[in-house]
Amino acid sequence: MTTETYHWRSRRSGVRRLSAVFAAGVMAAATVLLAPQPAAAETPWLEVSADRYASFTVPAAYIQEQLGTVSQVVVEGNIGPSAAWAEFGLTRRGDVWSGILGPLKPGLYQYQLTADDTRSLKDPTNSTGVASKPLLSTFLVAGDSARWLADVPPGTGGRVETLTYRTGSGQRSALVWTPPGYAAKGSRGYPVLYLQSGEDVPTTDWLDLGRTRQILDNLAAEGASRPMVVVINDANGADGRELRKAVADRYRVLRDPAHQAIAGVSDGATQALTAAVASPGQFAHVGWFSGHAAPTVDRRNARAVKLLRLYTGNVTDPAYNTTYRLMRALDRADVRFEFDGINPDGGANWQTWQENLVDFVPRLFQHVSDHGPSPGHRPLTGEFAPPPAGTTPTPFVTRDGFVTFETTTDFTDAQHVTVWANIAPGGSWLRVPLTREGDRWRATVGPLKPWFYYYRLIVDRVAVKDTANPTKVTTEPTWSTFLLPGPGARLLSDVPAGRGGTVESMTYLSTVAGQERTALVWTPPGYDPARPQPYPVLYLQHGGGQNYTDWVEMGRAKQILDHQFLDGDLTPMVVVMGNGNSSNFNRELLDNIVPTARARYHVSSESSQQAIAGLSMGGGQALGVLRAYPGEFAYVAALSAGFGSGTGVDVEAINNGTTMLRLYVGDQTDFVYPSFMASLTTLNTLGIRYEFDGVTPGPHGWDVWQKNLIDLAPRLFKR
């Protein structure tokens with residue numbers, strides 16, 4: 001983690017959940033809402049590093065004072081796939097609740113703290129705010145793709161003010177942005193764009209969450225848009241004569257339809273399109289940002305519309321199917337329109353709509369040669385419909401990486417249900433709220449990259465197995481797994497039947513534990529116990545809280561080894577995965593596991609043909625064997641484990657007897673990262689030779705260790 005930190009001042013910005021699905025999740029999770037109180041010493045709870053990791057450190061005493069005794073604390077925010085609302089669980093460490101999440105994509109994020117599903121509070125050390133959601137704080141992760149969201153230099157941007165006007169039902173107000181250099185008097189009039197809020201989208205969200213001011217300022221600064229006045233209106237419709245008259249009376253705007261544009265988000269998109277086609281000749285430019293309902297379109301009314309451009313997110317956007325139906329209706333009515341394509345990484349949220357606004361505004365009131373979709377956007381060829389409830393095993397996975405989780409009918413009386421899965425950046429764990437649908441709970445998440453995923457349901461803070469998924473994890477009875485196929489996950493997939501190696505159990509007597517124990521042994525395809533030359537052997541150890549089954553059930557060791565062997569990348573070897581839960585692992589290994597493996601399998605006893613590796617606790621055990629018996633194993637690897645102190649180490653024996661010592665660790669989200677990096681200093685000081693190819697993106701979890709095994713196995717027994 002780098003030390004550069006963003007400190008939060010008075011700027012108002014943020015993101016809010018906008019669809020009914022997202023809103024339901026927030027309200028269900030926050031039945032007790034607390035106004036912010038000053039935190040001790042005003043120490044920031046959130047730090048964002050230059051490499052885009054968000055580190056949360058929340059004083060436990062403050063949580064106790066404000067919320068009472070709690071069993072869990074999560075950060076809720078737009079941190080899930082497609083910027084969906086999700087929960088990131090913090091861990092109690094001493095006097096703080098803490099956690100690191102990242103790397104995050106550049107963009108604007110919002111969050112609140114929630115304890116035990118029902119008690120929420122604002123981060124009192126973050127002065128940003130969202131007018132419509134007082135508990136939310138925001139932070140901006142900088143990057144080129146988010147450059148439109150950054151503040152322009154002081155004095156160079158436009159101006160936002162409130163316009164108050166009278167209607168037949170009383171006094172109303174709208175927000176108005178005027179461009180840099182605007183003057184109330186002059187000979188030149190400005191075109192005007194009306195931005196329409198939806199029923200569930202307050203007007204202020206366009207500024208607090210949509211970063212509309214920053215987007216307009218940046219577009220103007222780059223000369224990408226024509227100077228215009230932008231009016232942000234509420235859910236009652238910008239086609240009202242009172243508002244347009246008030247704008248014309250107050251601002252220097254052009255009144256002819258050719259210089260009038262309207263766009264909206266959510267319900268506001270429907271209202272914007274309705275306004276354009278219901279009163280023909282009123283607006284020449286229309287933008288549809290994730291509309292909820294498609295109005296009836298008459299070609300006669302739509303003739304005066306010069307530009308009608310449609311936008312939608314991916315299948316997690318409720319507007320996805322509506323937009324498809326609207327496109328077909330426009331085609332039938334012979335109405336010209338443009339489609340920006342499916343935003344593959346966008347849902348129904350301000351991250352998507354910010355991109356829509358950046359694309360739409362430069363197209364207004366000037367010639368544009370490109371009328372196609374944005375780069376990377378995809379065609380919309382049909383509606384999305386997950387299987388009806390209860391008709392398919394869960395999860396239901398589409399080819400393009402969208403996963404629908406669904407519970408059984410066992411939780412109809414539950415209050416809060418989430419799916420906990422390794423779906424955050426690098427494989428960290430997030431909890432995605434499910435929505436009640438009839439007598440089940442369901443949610444669609446994605447897109448996820450091809451890889452191996454594991455999850456469990458959390459029902460009212462109790463971990464529950466998805467009984468509709470037949471997969472199992474021996475050491476984690478509530479976990480289920482699934483593989484999202486694709487080129488990136490090829491090494492984790494099954495090889496064709498009959499072509500892979502064999503995994504079988506090896507029972508041995510543990511003199512340390514005083515009982516029989518079991519190991520799993522992988523032998524390569526074509527394993528020949530009678531061949532003249534014994535096979536090299538890798539002893540592969542699991543981590544703490546795990547056992548000998550985990551490298552097969554969670555690590556996908558069989559699939560990885562099978563593929564690498566068939567690809568010709570792997571030296572034919574035997575891999576022994578023993579039980580490392582022992583009070584004396586060195587004895588367990590050398591007195592029990594190794595002798596049994598030599599007796600049962602045709603494996604070498606030569607040090608140059610023996611390797612030992614392990615993850616976490618198992619990595620520490622591998623390094624412990626190296627320290628105690630240097631030269632016994634020529635190949636040694638430790639995954640997410642530190643070397644320890646430098647006392648009592650025979651450096652010369654280690655260097656002379658070790659062909660390869662290779663070390664691995666996850667990124668800043670791996671809790672052993674600090675101690676691991678310190679151990680590299682110890683190794684350097686001692687003069688021990690080792691290999692370290694840099695951090696593996698991801699946490700202290702299987703996503704990292706699978707990648708480590710993929711890198712390690714082909715390196716063994718080739719020197």
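1. On the basis of the note. This is a predicted model, in which local features need pLDDT of at least 70 and side-chain atom pairs count only at pLDDT 80 or more, while totals for chains, interfaces and linings use all residues. Residues are numbered from 1 along each chain as its sequence is written, and side-chain values use heavy atoms, with hydrogens and water left out.

2. On helix α2. Helices (H or I, at least four residues) and strands (E, at least two) are DSSP runs numbered from the N terminus, and α2 covers residues 60–67. Within this helix Ala 60, Tyr 62, Ile 63 and Leu 67 are buried, where buried means under 20% relative accessible area, exposed over 50%, and partly exposed in between, with a 1.4 Å probe and protein chains only. Seen down the axis of α2, the buried residues fall within an arc of 160°, so they line one face of the helix; the arc is that of the directions from the helix axis to the C-beta atoms. Ala 61 and Glu 65 are exposed residues carried on the face of α2 turned away from the buried side.

3. On Glu 76. Strand β4 (residues 73–77) holds Glu 76, which is buried at a relative accessible area of 0%. Its side chain makes a polar contact of 3.0 Å with the side chain of Trp 85, and another, of 2.4 Å, with the side chain of Thr 114. A polar contact here is a pair of N or O atoms within 3.5 Å; within protein, one must be able to donate a hydrogen and the other to accept it, and residues adjacent in sequence count only if both atoms are side-chain atoms.

4. The whole structure has 26 salt bridges, each defined as a side-chain nitrogen of Lys or Arg within 4 Å of a carboxyl oxygen of Asp or Glu. One of them joins Lys 245 to Asp 249, with the closest N and O atoms 2.8 Å apart. These two residues are four residues apart in helix α5 (residues 241–250), and so are separated by about one helical turn. Lys 245 is exposed, with a relative accessible area of 53%.

5. On salt bridges between distant parts of the chain. Asp 340 and Arg 309 form a salt bridge whose closest N and O atoms are 2.8 Å apart. This pair links distant parts of the chain, with Asp 340 in strand β18 (residues 338–342) and Arg 309 in strand β17 (residues 307–312), 31 residues apart. Asp 340 counts as buried at 2% relative accessibility, and Arg 309 counts as buried at 0%. Another salt bridge joins Glu 383 and Arg 325, the closest N and O atoms being 3.0 Å apart. Here too the pair links distant parts of the chain, 58 residues apart, with Glu 383 in the loop between α9 (350–360) and β19 (396–397) and Arg 325 in helix α8 (residues 319–332). Glu 383 is partly exposed at 44% relative accessible area, and Arg 325 is partly exposed at 41%.

6. On the second largest pocket. About 1000 Å³ of space lies in this pocket, and of the 39 residues that line it, the closest to its centre are Thr 91, Arg 93, Trp 429, Phe 671 and His 700. On a 1 Å grid over the protein atoms alone, a pocket is an open set of points where a 1.4 Å probe fits, with protein on both sides within 12 Å along at least five of seven lines, and lining residues have an atom within 4 Å of a point. Among the elements that each supply at least two residues of the lining are β25 (451–459), α15 (673–686) and α16 (702–712).

7. On two further buried residues. Tyr 539 lies in strand β30 (residues 537–541) and counts as buried at 0% relative accessibility; Tyr 539 and Val 594 are 55 residues apart in sequence and 8.4 Å apart in space, C-alpha to C-alpha. Val 265, in strand β15 (residues 260–265), is also buried, with a relative accessible area of 0%. The C-alpha atoms of Val 265 and Arg 250 are separated by 26 Å, with the two residues 15 residues apart along the chain.

Notes:
Grid points are joined across faces, edges and corners, and a volume is the space filled by probe spheres set on the points.
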